[in-house]
Amino acid sequence: MGQIQINVEGMTASGKSTIVNLLAEKLNFKIMPEEFRDSLNLLDKFHHDRKWAFPLQINFLAKRFAQYLCASEENNYIMDRSMFGDKVYAKLYYELGYFSDSQFGSYLTLYDSFLKNVKAPKLFIIVKCPFDEIMRRINLRGRQDEIDAGENYWRALYNAYLPFTEFVKNEMPGNPEYLELDLSNPEFIHTPEMINKFIDDVKKHFPDKK
């Protein structure tokens, strides 16, 4: 089995996909994109009725585990979110009462069994962005299911993501390396000096990348 080279994690609308595409372009990584749609349209159902939280997250977990295994077959993949970040959502939904005790227990059992069969990424890039900027981007891109979820939902998810660096440091097997990236400045992607500094920071973890 190979190893995922980079796993980009962060709050919705924080800029994950922008960073994934940038790294693929600059450092010649292959992309395993985030999949958030499915034939049953569970995400849209969840945003209108929280009873769909459990089937939604089980579906995401299984799909992301399969993607992770597929991308792990070689040593040149970067992932936009993964099963590791998926646990943030499950824990939040349990705390909000969207999962019952038994559902959350079933989720954790499945998650732990998957975790035993994967190798941690070589590098986590954890994208940070202020909440007000997150909401501006969500409203700007205009996805109706995201807008309908409401600000209170997004604030709760934002707060749930805040300890993700500690999760990587303390819970991930193999002590993977991590890099935090502040994307509060919307001009980041249009500022060559910022981009070059970030790429140089990433290259320190991948000396074979020219």
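User: How many Å should the 15 residues of helix H5 span, and how far apart are its end C-alpha atoms?

Analyst: This is a predicted model, in which local features need pLDDT of at least 70 and side-chain atom pairs count only at pLDDT 80 or more, while totals for chains, interfaces and linings use all residues. Residues are numbered from 1 along each chain as its sequence is written, and side-chain values use heavy atoms, with hydrogens and water left out.

Helix H5 covers residues 101-115; helices here are DSSP runs of H or I with at least four residues, and strands are runs of E with at least two, numbered from the N terminus. The expected span of a helix is 1.5 Å times one less than its number of residues. For H5 this gives 21 Å, and its end C-alpha atoms are 21 Å apart, which agrees.

Phe104, Tyr107, Tyr111 and Phe114 of H5 are buried, where buried means under 20% relative accessible area, exposed over 50%, and partly exposed in between (1.4 Å probe, protein chains only). Seen down the axis of H5, its buried residues fall within an arc of 85°, so they line one face of the helix; the arc is that of the directions from the helix axis to the C-beta atoms. An α-helix has 3.6 residues a turn, so residues three or four places apart point the same way.

The face of H5 turned away from this buried side carries Asp101, Ser102 and Thr109, which are exposed. The cover over the buried residues of H5 includes helix H3 (53-71), helix H4 (83-95) and helix H9 (164-170), with contact meaning heavy atoms within 4.5 Å.
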